[in-house]
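Subject: Structure for your review

Hello,

Here is the structure I said I would pass on. Please open it alongside this message.

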Amino acid sequence: MAAPRRAPPLPAGPKMAGGAEPQLGPEPERVVEALELLLRPPAGARERDGEAGPESALRPETLRSNAAALEERLREPGWAALSGLRRAVLARAPALAAGAAAEAEPGWAAACGLLALLLCLKERLSALAAAPAAPAPAPGAAPPPGADTLSVAQGRAVGRALRAAVGLGLVPYLPPGVGQRLGPPAPALASPSTRGARLYAAAAALAELAQHPALATPLLTRHLGLLLASLCLLGHGPAALSEGISEAERARCRETLRHVLDRVYQPLVVRELLVLQGRPKQSSPSPGEETKASLARAPAWLRRLCGQLLSERLMRPGGVQAVVRGILEGAGGGAGAEAAAVDWRKCDAVAKILASCPQQSLSPQDYYGLVCPQILDLLHIQDKVTARQFQRVATSTLLAVAREQPQLAQQHLLQPLLTPLRRCTEAPELAVEDLPAGTVLVTEAELSSCVEDVFKVYVVGNDSSSLLLGSLQPVLGVVFSLYSFSRHNVSYLSSPCQDILLWFLEQSAREAALAVLEALAGLSSRLGSLHPRCRFRLGSEGGAAVVVQDTVSDEDEALYQKISSEQCHVENLVELLSHCQKSGLAGDFFIHCLKALTRVAAEDEAAPASAALPGGSLLELEQDHAEQSRKLLVLQLVATLCESVSDTVFTDIAQVVEFVAAVLQRACASPAHGPGAAVETQTLAMAMGLVAAMLGGAVQLQPSDFSALKRLVPLLEELSHTYPEPLTQELATDLRIAICTHGAFCPGTVGSTAASVLGRKPGPGAPSPDSAASAATSPGGVRPAPRHGRSSPSAARDGSDERGTCHETPAADSPAPGALQELLVSAFEPQPPARAAALRSLTGLITQREPEALRRQDELLQVFLENLQHEDAFVYLSAIQGDMVLKHREPLVQAFLRGAQDPDGTLRASSLCNLGELCQRLGFQLGSIIHEVTSCLTATAKTDPEPEVRRAAVHVVVLLLRGLSEKATEVLRDVLRDLYRLLKHVVAAERDGVTVLHARLALEELDAVMRRVLFPPQVLQKKIVVLP
């Protein structure tokens, strides 16, 4: 307990016996003995520990006999020192002297006698404390206790004396409802004219006792409420209840009350003031509190006074935490649902108190400016026992202030909460350009604390008010950038950032959520994003910091970073959308992007008419460049969505039908041609692939769904007659047939296209996954080979048993010679999409080792080689896919190893990356060349001067360990120790952070492998043994 400035004692209270020498005064043991004599129970009675008070066991005749025994003992020679000190104390306290001599009222006389002895003890302890200190103890010995320290037994006796003094000197003179609980009122032991004087004398003596630490601790921790009640009554109560007290004495009581309130542990003060305030009018005990002692109904003046004092406690520095602790300490002490309910109910009650501006405050602006920073500090409590309650209070208070005072909540709570995130945005008020490179804009501790606080307030609080959503939206771009950074690095911030983003997307209106997703993807600038000169840096505690970096002067490097950043953002956005499947947001955004792709195709068609003339202004060129970048980003986003979360759109048939109808109408009105043909045909292929996937079993279609799908029948029929591509016409016809028969009759093209979209393995003779994917995603919907028949009637009858799923008849085991010849002819089509689709189909035939394709493999090889020279990337990449690494393993490995020694650092890094991909293609079965590979990797990682090359070398090690998994101990058994030493060397000596990160990931992978090998999981198996 803190001991601030000494309060001036009340005049009616005793003064210290100044000038008394310590050696001439009584020993504390003598004073304690006198206290025990005065409280001695009658013969045959035994005081039980924990009883309400000794006065309950002391009858009036017992008090008289004990007082007489004490007076007789004080006349003895050995008690002369105590007798003299007692006379001096009583001489300075006339009210106590008169009360001690009043034999007619033994209770008041005993109280005065106890208080006089306690004051003697206080003065004696003060004198001993002022005496010269004892000599220092010997080295290693425990220091002796202070001269004014009481033993345990003495402290227990002093506690009994204080309890008796309070019970006999304060309680009988307090009116009902002032510091008393419900029960029978205390008997009136004095007339109203003397009641105030006696209460003043007792309160003055107790306030004087509170000046000494040894006596203040038992007094203020156990009897603070009654002392405060007495001081409140004497200083602020009605004059009728304090007759005989002058105005000067009342002022001194008010001053003493302030001193006691400022001195004592503030949560204890708050709790006692709440008890004094009493229960509200017509209130009943809360659930779980019926067994606790009920509070009396306090008078109006005391309730107002306690409310004022509580408000003053609240508005002090640290007052918010004091109020919270005072109310919540001991809350929910029981176990189970009732205790939890009490706990949360008290937290919400505290939040209402904090959110309401008291009447004593000059203005709401001043009050919230003082209290709100303390409310935010409640979010950072580290004590695990109370952290949950404090966070609940802080969150509830913030939400309550946001509802009642939105502007003040924005100014004093939300803006300070989000300051670290707002500091690193592209806001114009931030002069990031003027900061030197390497400046830490947001520290790791600050950023981590900010993200955790946002999670607690927004996600845990879960209040979807427009104020909270609007305050969080400007920093979502930074949160998403941090989410992307933490996903690709070792940081614990990934999970809270993901939860924050998902909470905003789920709580916002669907249109707003789609607009935010579009901005996160980079298609619009509605959100504040990370400043171009700011970047995240891994922290030492697993978090991240924001630092300022130099502007990249190399245009190629800047372009590479921009493209890599866009690709990373798209991938992370798709990963985020994978958690929004149940709400349907992922499906809505997918449809939104597909419609945007359709608009891109329409813009490309209208571009020649509205294109800028040659020699246009620089602004027009920049605008055209930005528009082209946006279109490419749309294509990239749609491609990634198709690959990762395309299944989520199948939860809403009506939306899919609406999109497909729009695409088919455009295809019928304006067939693909010109420079925008690739985008248009790809959009059409995606739309038809969606319909095929639905008919192929992606969802269980109901009769009502087929009613919606029939809207597409006339459009498919028109498309089958007007579209210039024959294979697309055929697929449109087959889809129309499948819809009209409700999936009972499903041609082969529908099944193969559905399998490609859903990622299922086709049956015998069906197209390979690569070729099927080309049918669904390549322009024109080109399928790999003509179908060889339709479903039989029996198959149609079997398919009718399961509604909404197409069933097709297995095709022949191998394609007809004419089909292969048709693919060879298509491999030289002028249109790149058709050519690429044919090449992928031929690749699939070789992969499946079709007899006809193997017989003509030389001819197929020549086709692939000629298409390698094609200018279109889609074509020559399709020609590259032919798995020949097994046959040319040795030359490839040697070429890449030689490339790793090239003087050009870029070529060295590229060779090592190709070496890692080659190892993956070979299934990590390197055989005898494993020693050459590891030697090259070790030398490069340790000695190469370029950090990019060292990164590539360590990355190959990561691929080896990750790809081999448990087989690493077998395949790499001869070089595993060398690789382990290499990784430890990189972690210890490498200066490049990315290389160190790769090495740590490799060590984690190796650790996981060895743990699985050394400690295999326990598998419980049942054995059935047949007994003879």
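Below is what was found, from the whole chain down to single residues.

Please keep in mind that this is a predicted model.

The chain as a whole: its secondary structure comes to 45 helices and three strands. The chain has 1028 residues, of which 47% count as buried. Among contacts with a separation of 6 or more, 74% are between residues 24 or more positions apart.

Helix H1, residues 28–38, has contacts with two other helices that I looked at. One is H6, residues 152–169; the two axes come within 10 Å and cross at roughly 45°. The crossing of H1 past H6 is left-handed. On the H1 side the contact is made by Glu29, Val32, Leu35 and Glu36, and on the H6 side by Gln154, Ala157, Arg160 and Ala161. By type, the residues of this contact are four nonpolar, one polar and three charged.

The other is H2, residues 60–74, whose axis comes within 8 Å of that of H1 and crosses it at roughly 150°. With over 145 degrees as the cut-off, that makes H1 roughly antiparallel to H2. Here H1 contributes Glu33, Ala34, Leu37 and Leu38, which meet Asn66, Ala67, Ala69, Leu70 and Arg73 of H2. This contact divides into six nonpolar residues, one polar and two charged.

Further along, Gln266 lies in helix H11, which covers residues 266–277. Is Gln266 buried or exposed? The relative accessibility of Gln266 is 15%, so Gln266 counts as buried, the cut-off being under 20%. Leaving aside residues up to four places away in sequence, Gln266 touches Leu261, Arg313, Arg316 and Ala322.

Last, helix H18 runs over residues 444–460 and has 17 residues. From first C-alpha to last, H18 reaches 23 Å, close to the 24 Å expected at 1.5 Å a residue. Its buried residues are Glu444, Leu447, Ser448, Cys450, Val451, Asp453, Val454, Lys456, Val457, Tyr458 and Val459. When reading that list, recall that an α-helix has 3.6 residues a turn, so residues three or four places apart point the same way. After H18 comes Asn462, which has a positive phi, near 55°.

Regards

Terms used. Residues numbered from 1 in each chain as written. Predicted model: local features only at pLDDT ≥ 70, side-chain atom pairs only at ≥ 80, totals over all residues. Heavy atoms only, no water. Helix = DSSP H or I, 4+ residues; strand = E, 2+ residues; numbered from the N terminus. Expected span 1.5 Å × (residues − 1). Buried < 20%, exposed > 50% of the residue type's maximum accessible area, 1.4 Å probe, protein only. Axes fitted to C-alpha atoms, helices over the stretch in contact; angles between N-to-C directions. Left-handed = near helix turned anticlockwise from the far one by under 90°. Contact = heavy atoms within 4.5 Å. Nonpolar A, V, L, I, M, F, W, Y, C, P; charged D, E, K, R; others polar. Parallel < 35°, antiparallel > 145°, perpendicular 65-115°, else oblique.
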